[in-house]
Amino acid sequence: MRLSRTKATLYGNLQTVKMRRRHGLFAAEGMKAVTDMSSHYTMEALIATPEAELPDSLVASAGIVYEATPAEMKALGSFTTPSSVMGIFRIPADVAPVIDDSRLYLMLDGVRDPGNLGTIIRTCHWFGIFDILASHDCVDCYNPKTVQATMGSLGAVQVHYCNLADIVKDHPTMPVYGTLLEGENIFRSTLSDHGFIVMGNEGTGISEQMRGMLTQGLHIPPATDNHGESLNVAIATAVVLAQFVK
């Protein structure tokens, strides 16, 4: 079926968080991303160019298949070079997290860059952290750049948007870790196998409210005096999670 102008407008508008929330839909571009997302989300539509080779299993999981030209695909998507395949998926209802006091959770306090969030989701999947607790001012996890950066891990890792302070207050026995310049050397610290790990905003770090709730500050020391100003939050998250898993 040819992609209509009405549907093209609707799906193209999913580049914005306002329209994603209004319609309860998000887009994934590229064969790998679409295939991975189809394992975790309900696909409303599959859009492809005539030249695209679509697996039967992917076609079967789609509600409907639309044909579009490369020019139309470029207008729909976020890639400089348009993909030949795009999937439109339904955003599931946001479910409040159920906290198990024996597990580790990552808290994101004001992370705004979609690529950073996507890389963090992918990193959590690698290290076995399956629930991310994100403050309401974090970037939307269904942002196209975030979806792409997860490399298929979105869906395997759940992102819950919530009030972080309330979660900490409701679980007073859980240790709360956070990265601070004045924190303890993480490579020499005793770390728990449960608790909350707080990572802050790219520019300002952990908010004052959450900083006051930390039970232990951690610092990733540079190897030499000749170093950059700071680590990227996604890279810092990988280092921190690796230490906790170890």
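Me: What makes the residues lining the largest pocket nonpolar, polar or charged?

Reply: The type of residue decides: Ala, Val, Leu, Ile, Met, Phe, Trp, Tyr, Cys and Pro count as nonpolar, Asp, Glu, Lys and Arg as charged, and the others, Gly among them, as polar. By that rule the lining of the largest pocket has eleven nonpolar, twelve polar and four charged residues. Please keep in mind that this is a predicted model, where local features need pLDDT of at least 70 and side-chain atom pairs count only at pLDDT 80 or more, while totals for chains, interfaces and linings use all residues. Residues are numbered from 1 along each chain as its sequence is written, and side-chain values use heavy atoms, with hydrogens and water left out.

Me: And the second largest pocket, how does its lining divide?

Reply: Into eleven nonpolar, six polar and four charged residues.

Me: What makes something a pocket, and which residues line it?

Reply: On a 1 Å grid over the protein atoms alone, a pocket is an open set of points with protein on both sides within 12 Å along at least five of seven lines, whereas a cavity is a set where a 1.4 Å probe fits but cannot get out; lining residues have an atom within 4 Å of a point. The largest pocket holds about 820 Å³ of space, with grid points joined across faces, edges and corners and the volume being the space filled by probe spheres set on the points. Of its 27 lining residues, Thr179, Leu181, Glu229, Ser230 and Leu231 are the closest to its centre. Strand β8 (176-185) gives the most to this lining, four residues. Helices (H or I, at least four residues) and strands (E, at least two) are DSSP runs, numbered from the N terminus.

Me: How do you know that Val240 is buried?

Reply: Buried means under 20% relative accessible area, exposed over 50%, and partly exposed in between (1.4 Å probe, protein chains only). Val240 has 1% relative accessibility, so it counts as buried. Val240 sits in helix α10 (residues 233-245). Leaving aside neighbours within four places in sequence, Val240 is in contact with Thr179, Ile186, Ile197, Met199 and Ile220, where contact means heavy atoms within 4.5 Å.

Me: Why is Asn116 called buried?

Reply: Its relative accessibility is 8%, so Asn116 counts as buried too. Asn116 belongs to helix α6 (residues 114-127). Beyond four places in sequence, the contacts of Asn116 are Val111, Glu202, Asn232, Val233 and Ala234.

Me: How do you know that the buried residues of α3 line one face of the helix?

Reply: In α3 (residues 31-38), the buried residues are Ala33, Val34 and Met37. Seen down the axis, they fall within an arc of 95 degrees, so they line one face; the arc is that of the directions from the helix axis to the C-beta atoms. Their cover includes β1 (25-29), β2 (43-48) and α4 (56-61).

Me: What makes a set of residues a nonpolar core?

Reply: The members are buried Ala, Val, Leu, Ile, Met, Phe, Trp, Tyr and Cys residues joined through side-chain atoms within 4.5 Å. The largest core has 46 residues, and Leu106, Leu108 and Ile132 touch the most other members. Helix α10 supplies the largest share of this core, six residues. A second, separate core of 18 residues includes Tyr105, Cys162, Leu164 and Met210.
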